[in-house]
Structures are given as structure tokens and as C-alpha cells.
Amino acid sequence: MPEGSHRFQVGSIACTVLSDGYYSYPTSWFFPNADPAHLTSALASHHLPPDAILSPYTCLLIETGRHTVLVDTGAGEYSRSSGAIQSRLEIAGVRPRDVDTVILTHAHPDHIGGAIDPCGRPAFPNARCVLSEIEWEFWTGARTDLRALQVPETAKDSLHSMARRCLGALRHHIEPLERETEIVPGVVAIPAPGHTPGHLAILVTSDGQQLLNLGDAAVHPLHLEQPDWQNGFDLAADRALVTRRSLMERAIAGDMHLMAFHFPFPSVGRVAPRNGGWHWTPGW
Ligand SMILES: [Zn+2]
């Protein structure tokens, strides 16, 4: 597989992580409540610069044999340094019309932008588009309240406008979920609220192996090392920390592999408890 793709098996299910690109964020947006000196030293210990986070966008292709499922679609035209998902799928031998299920962990632009094409039509014309019902209602309703986000107003405005534009275009394809639900055999969506009201984690299970896709329940490995560090894009920051902890406990109890959309590519790895948090070891 070319750079930007990484394929592995979860039991009999073929999974491929596909890079949509990346984006550079001000560090303060990712770690709004971290002590600045502690944050700088933590970043330095990972050989990372202090001022900006170069954050990957990583989608998950799941091929069960009967179903072709894409979890998150990347940013589409949202930024110049992303939007590669269609070409990555093509190289992986998957045409847009082959995808029968798109699962959106949530309706932020980096996850939903690639679900529509440059003309504003669904990019995966044959796919049902699975999203939490709470998420749908939050973004399409009349009172979308983003005041609790710890990012600038311009960023909030773009989250809101992109969600409405994409969800509007997808409205006839959307299949809203109310609770933990098996989407196709072996693929379960799990409510994981906090980052957004209807944020989902995705669990892939086959032949005794499991992969838990965290979505944006953690957006950097430092959010695992420091379980109290918030993400400025979390709408309900306290709730997001509770969700993050419960997903980690579920992953450790079940001896699962993990995936996280914004973690260093290929964005898969494992966790183990360490110093009150969790240590991330990349790889499958
Ligand atoms: Zn994201």
C-alpha cells in the first residue's frame, strides 16, 4: 500500500486507515486548560514544537466482505492540506459508488466535509449515512449553541456553517441512531458524548479481535497521558473527560486496539495505564 494507507485485519474484517491530510492548529486550541509550562515540557518530551499542532486527519475503511464502510470522510474542500480521501480510496481499489455505508462520528468539518463533492452533492451516492440523532438535531435545529467551545468565534462560525451545509446536502441519506447500534455485522456505533452532543465511537469486532475507533474523544496522545487536559473543540468538556476515561477502561478491559482520527498516522495503537493516565503505543 502507498504512503497514506495502512491495512490490517481485525479477525476476518479488513481495515485500512486512509490519510485525508492534516491541518496545523494553534496549540492553545488543543490544550486550553493545560498549565503552559507543563504543556511545553510535555510537547518537548515528544520532540514537538510549542506553538502549533500538526494534526492528521485519518479515516477508516472497513471491508467485511459484504459491506464497504467508511468511518469519517475527511475535510473535503475545507482546507488546502486535506481532502485526499477520494484519491486514497481509489488507490485502495474502492470507488465512491462502492461505499454502502458512511458513518460520521460527528459533524465537525474535518470529519464530514468529504461526504459532499465540490458541487455540494453526496460524494458517496449509494451510501446510507449513519449519524447520531442527537448530532443531527443539534446542528440542524434553530438553537445551535457553541459558546462553551474554547476556540475563537471565527472557528465556531465555520463549524456551524459547514455542518449545516453538509448535513443539508446529505439529508436524504441520513440514518439517525438513538443508542448503541450494530451498523453492519461486526461494526457497532457507541454513543460517546462530550466532544459534540452526539459524538460516536466505533467498535469493530471479528474472531475475538477488536478495534475501537475513538473519533475525537482524544485528539492527541497527550490527552491520554494527561486525562484532565481538555480539548478546546469539546463542547461539554467535563462530559468529554468522563467519556474518554470510560472508553479507555473499555479498551483495556477488552484488550482492544485503538484508533484515533487525529493521532499520528497510521493512528492505530494500544494503551496501558501509566501514572494515572494512559500510555499510547502506536502500531497494529
Ligand atoms: Zn476532528
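The buried residues of helix α5 are covered by parts that include β6 (128-132) and α6 (153-170); a covering contact here means heavy atoms within 4.5 Å. This is a predicted model, where local features need pLDDT of at least 70 and side-chain atom pairs count only at pLDDT 80 or more, while totals for chains, interfaces and linings use all residues. Residues are numbered from 1 along each chain as its sequence is written, and side-chain values use heavy atoms, with hydrogens and water left out.

Back to α5, residues 133-140: Glu135, Phe138 and Trp139 are buried there. Seen down the axis of α5, the buried residues fall within an arc of 85°, so they line one face of the helix. Buried is under 20% relative accessible area, exposed is over 50%, and partly exposed is in between, with a 1.4 Å probe and protein chains only. The arc is taken from the directions from the helix axis to the C-beta atoms. Helices (H or I, at least four residues) and strands (E, at least two) are DSSP runs, numbered from the N terminus.

Next, the strands. Strand β2, residues 13-26, has 10 of its 14 residues buried, so it is largely enclosed by the rest of the structure. β2 runs antiparallel to β1 (residues 5-10), with 6 bridges joining them, and antiparallel to β3 (residues 52-63), with 12 bridges. Strands pair if DSSP finds at least two bridges between them. Phe8 stands opposite Cys15 in β2, and Tyr22 stands opposite Pro56 in β3. The hairpin of β1 and β2 has 2 residues between the strands, and Gly11 in the turn has a positive phi of about 60°.

Now the metal. Which residues are the protein donors of the zinc ion? They are Asp110 (OD), His111 (NE2), Asp216 (OD) and His262 (NE2), lying 2.1 to 2.2 Å from the zinc ion. Asp216 lies in the loop between β11 (209-213) and α7 (222-225), and His262 in the loop between β12 (257-259) and β13 (268-274), so the pair ties together parts that are 46 residues apart in sequence. Both Asp216 and His262 are buried. Donors are N, O and S atoms within 2.8 Å of the metal (3.2 Å for Na, K and Ca); water is not among the atoms, so sites may look incomplete.

Last, Met256, in the loop between α8 (237-253) and β12. Met256 counts as buried because its relative accessibility is 6%. Leaving aside neighbours within four places in sequence, Met256 is in contact with Leu203, Gln210, Leu212, Arg250, Ala251 and Arg270.
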